[in-house]
Amino acid sequence: MSSITPADVEVGAKGGDGEAPRQPGRVSLGGLSLNLRSSGIYIAFALIIVLFSVLTDGALLQPQNISNIIVQNSYVLILAIGMILIIIAGHIDLSVGSVVAVTGALAAVLMVNMGVPWPLALLITLIAGALIGAWQGYWIAYFGIPAFIVTLAGMLLFRALTLTVLGNQGIGPFPDQVRTLANGFTDGYLGNVGLGPLGGADLFSLLIGLVAIAGMVTAQWRTRNARKGYGQAVEPMGLFVLKMAAGAALILFLVVQLARFKNLPWVLVLLAVLVLGYSMLAGRTVFGRQIYAIGGNLQAAIMSGVKVKSVVFWIFVNMGVLSAIAGIIFAGRLNQAGPTAGNSFELDAIAAAFIGGAAVQGGVGKVAGAITGGLIMAVINNGMSLIGSPSERVMLVKGAVLLAAVAFDVWTKRRAGATR
């Protein structure tokens, strides 16, 4: 089965070779037809990296700094995975920052104050996150209260609960295993290998990178062939090869730099599993297609037999679980659960989803796009910190990037509507 989402389907007659004809939102570069709406975010990400690499004299792409970017922003990326599904369905969740705080506090109380073994404590925390999501999902899906109101109330309720549990002090330290998950790195199972002027690098990490590249190319090739088999438009072969080469180069560069530092962060391994799993959920399952259907046209989804209430309920349960994971990771990284944990995390997750290509009205978006949007915010934060920019300037740039991303989405929709 191909990983085709409704967001990927482009309506129109295909050319004689099965490749995509000229459509609104496309530009031609040297004979290659490029869809700005789906590919623009990745081009923007590359340009931002190049810009800050120049401004920081290469410090941005140093092995330790790349590792810091991943570890320091992992919890926002985890939240962005769940947030993109909610936004695709046409909803929003303003409570995730407070849920991060309360689940982190619960984990700390269980492991530190009560001495509960860490595996059991983590399981209880994840169940608590699911129950929080179920509580909010019930009011939204079955009682009909708008998600904005329910999750705004949840933001206040769960922040109050966090302050009740913790007061004005933090609880820590966490067990070594939890801190390793948040801050630790994989062991060098196969030893190091020489890379000439780059020095030594962990062989196991490099092999993981090569496997990831092979998996990416294979999956994309199968998806392209499946689309052609269904009579859908596909990108030109030249553009496909260019995209695969760029993706392979990016993965290889990232893995080599991390392998030169302290190998792969465990939280990156967790993120990779989540991204792969949720990408398959969104693109290859009935449940994923139903999420897109609900956001794209609610009435049509109802008439098609989609159990809208059930789907909406479960995406909020899922958001609660991912918020609990992010709460554990954040508390483990700081080695304590604090009353201010999670402040503004909901804004960062929402921004990551919209910068990554989600549509304001719902029905459009990808997990990979949300991760890219989160990484854009992370690179802006890190790059401007490296060049010594004040915090108010960082907020100014992030706000401008978010506004530009949403404005671009609205512009492409208007342009597409005008050409029909």
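A residue counts as buried when its relative accessible area is under 20%. The views below show a predicted model.

**View 1. Helix 14 and its buried residues.** Helix 14 spans residues 345-355. In this helix, Phe345, Glu346, Ala349, Ile350, Ala351, Ala352, Ala353, Phe354 and Ile355 are buried. Because 9 of the 11 residues are buried, helix 14 is largely enclosed by the rest of the structure.

**View 2. The packing of helix 8 against helix 9.** Two packed helices are described by the angle between their axes and the distance between the axes. Helix 8 covers residues 203-229 and helix 9 covers residues 237-261. Their axes lie 9 Å apart, and the packing angle is about 160 degrees. An angle over 145 degrees counts as roughly antiparallel, and helix 8 and helix 9 are therefore roughly antiparallel to each other. The crossing of helix 8 with helix 9 is right-handed. On the helix 8 side, the contact includes Ser205, Leu206, Gly209, Ile213, Trp221 and Arg224. On the helix 9 side, among the contact residues are Met237, Phe240, Gly247, Ile251 and Ala259. The residues of this contact between helix 8 and helix 9 comprise 16 nonpolar, 4 polar and 1 charged.

**View 3. The ring pair of Trp135 and Trp139.** A pair of aromatic rings is described by the distance of the centres and the angle of the planes. The structure contains 10 aromatic pairs. In the pair formed by Trp135 and Trp139, the ring centres are 5.6 Å apart and the planes stand at 75 degrees, so the pair is edge-to-face. Both residues belong to helix 5 (residues 118-141), where Trp135 and Trp139 are 4 residues apart and so separated by about one helical turn. An α-helix has 3.6 residues a turn, so residues three or four places apart point the same way. Trp135 has 47% relative accessibility and therefore counts as partly exposed. Trp139 has 25% relative accessibility, so Trp139 also counts as partly exposed.

**View 4. The aromatic cluster around the tryptophan pair.** Trp135 and Trp139 belong to a cluster linked by ring pairs. The cluster also contains Tyr138, Tyr142, Phe143, Phe313 and Trp314.

**View 5. Asp202 and Arg260.** Asp202 is located in strand 4, which runs over residues 200-202. With 0% relative accessibility, Asp202 counts as buried. Asp202 and Arg260 are 58 residues apart in sequence, while their C-alpha atoms are 6.8 Å apart in space.

Notes. Residues are numbered from 1 along each chain as its sequence is written. This is a predicted model: local features need pLDDT of at least 70, side-chain atom pairs count only at pLDDT 80 or more; totals for chains, interfaces and linings use all residues. Side-chain values use heavy atoms; hydrogens and water are left out. Axes are lines fitted to C-alpha atoms, for helices over the stretch in contact, and angles run from 0 to 180 degrees between N-to-C directions. Helices (H or I, at least four residues) and strands (E, at least two) are DSSP runs, numbered from the N terminus. Angles under 35 degrees count as roughly parallel, over 145 as roughly antiparallel, 65 to 115 as roughly perpendicular and the rest as oblique. A crossing is left-handed if the near helix is turned anticlockwise from the far one by less than a right angle, and right-handed if clockwise. Contact means heavy atoms within 4.5 Å. Ala, Val, Leu, Ile, Met, Phe, Trp, Tyr, Cys and Pro count as nonpolar, Asp, Glu, Lys and Arg as charged, and the others, Gly among them, as polar. Rings of Phe, Tyr and Trp (its six-membered ring) pair if their centres lie within 6.5 Å; planes under 30 degrees apart count as stacked, over 60 as edge-to-face and the rest as tilted. Buried means under 20% relative accessible area, exposed over 50%, partly exposed in between (1.4 Å probe, protein chains only).
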